[in-house]
Amino acid sequence: MRPWSKLPSWWYRPESAALTALRGGASAGTSQAALRVYLGLGAADRDATSFGVAASLSDLEDLTGLSRNMVLRGIREAERTGLVRYTPGERRQRSKFELVRAPGDDAGGWLKLPNQEVRERVPKLPHRGTSALAALKLYLVLLAGRPNDNMVVALRHTTLREKTGVQANHVRSAISLLANEGLLHVITEDHEDDYRVQRYQLVGRLEAPRRWHSAGAA
């Protein structure tokens with residue numbers, strides 16, 4: 001397994017509402033499923049230079065920890081929010097997915113996704129509740145906001161809320177869920193005037209060398 005894979009990050013841009021469009025409440029389960037499918041496809045075995053993924057529904061059940069019904073709901077919601085494109089497979093063929101990139105993103109616009117952590121630890125996050133949905137959103141935002149040369153990312157709580165639509169009272173519990181599953185470590189929390197800045201160390205081999213990163217690598 002490669003230490004990390006590329007995942008498009010256009011939804012991190014200020015003008016994007018992709019993450020905030022994934023609602024909680026009665027829709028939290030479907031919204032969670034969409035993000036779990038997105039992360040699972042990102043960490044799936046694929047050509048290292050491509051954003052296309054060939055996967056069966058059974059593959060996605062294994063990658064996400066979801067039932068088949070929830071995988072299908074997640075796929076439809078991920079399509080609706082523009083995260084993926086989906087072409088169902090015929091008969092015994094695998095389906096085809098495309099991790100959508102924004103126009104003009106050919107030269108960049110992606111983050112490093114830690115494959116092992118996403119496969120092994122993300123499915124263990126709770127599958128119910130607003131805080132669990134918030135944890136998935138915040139995890140993506142922290143990965144996208146990480147500097148290329150550092151495993152530590154510092155973001156204001158206001159930035160986390162603006163990019164995810166997560167309410168202030170759910171940020172701390174969501175971060176605790178991520179920390180409990182070993183996806184990040186909380187390093188410090190600084191109080192600066194009327195906002196809080198927290199530093200998080202992400203877990204994974206995101207600084208691994210690029211020599212494995214070639215076409216056809218598994």
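Strand 2 (residues 52-55) runs antiparallel to strand 4, and four bridges join the two. Pairing requires that DSSP find at least two bridges between two strands; helices (H or I, at least four residues) and strands (E, at least two) are DSSP runs, numbered from the N terminus. The model is predicted: local features need pLDDT of at least 70 and side-chain atom pairs count only at pLDDT 80 or more, while totals for chains, interfaces and linings use all residues. Residues are numbered from 1 along each chain as its sequence is written, and side-chain values use heavy atoms, with hydrogens and water left out.

Strand 3 (residues 84-87) is likewise antiparallel to strand 4, through four bridges. One bridge partner is listed for each pairing.

| Residue | Bridge partner in strand 4 |
|---|---|
| Ala55 | Ser95 |
| Tyr86 | Phe97 |

Buried denotes under 20% relative accessible area, exposed over 50%, and partly exposed in between (1.4 Å probe, protein chains only). In a regular strand, side chains alternate between the two faces of the sheet.

Helix 1 (residues 28-43) is largely enclosed by the rest of the structure, because 15 of its 16 residues are buried.

The protein chain comprises seven helices and eight strands. Of its 218 residues, 49% are buried.
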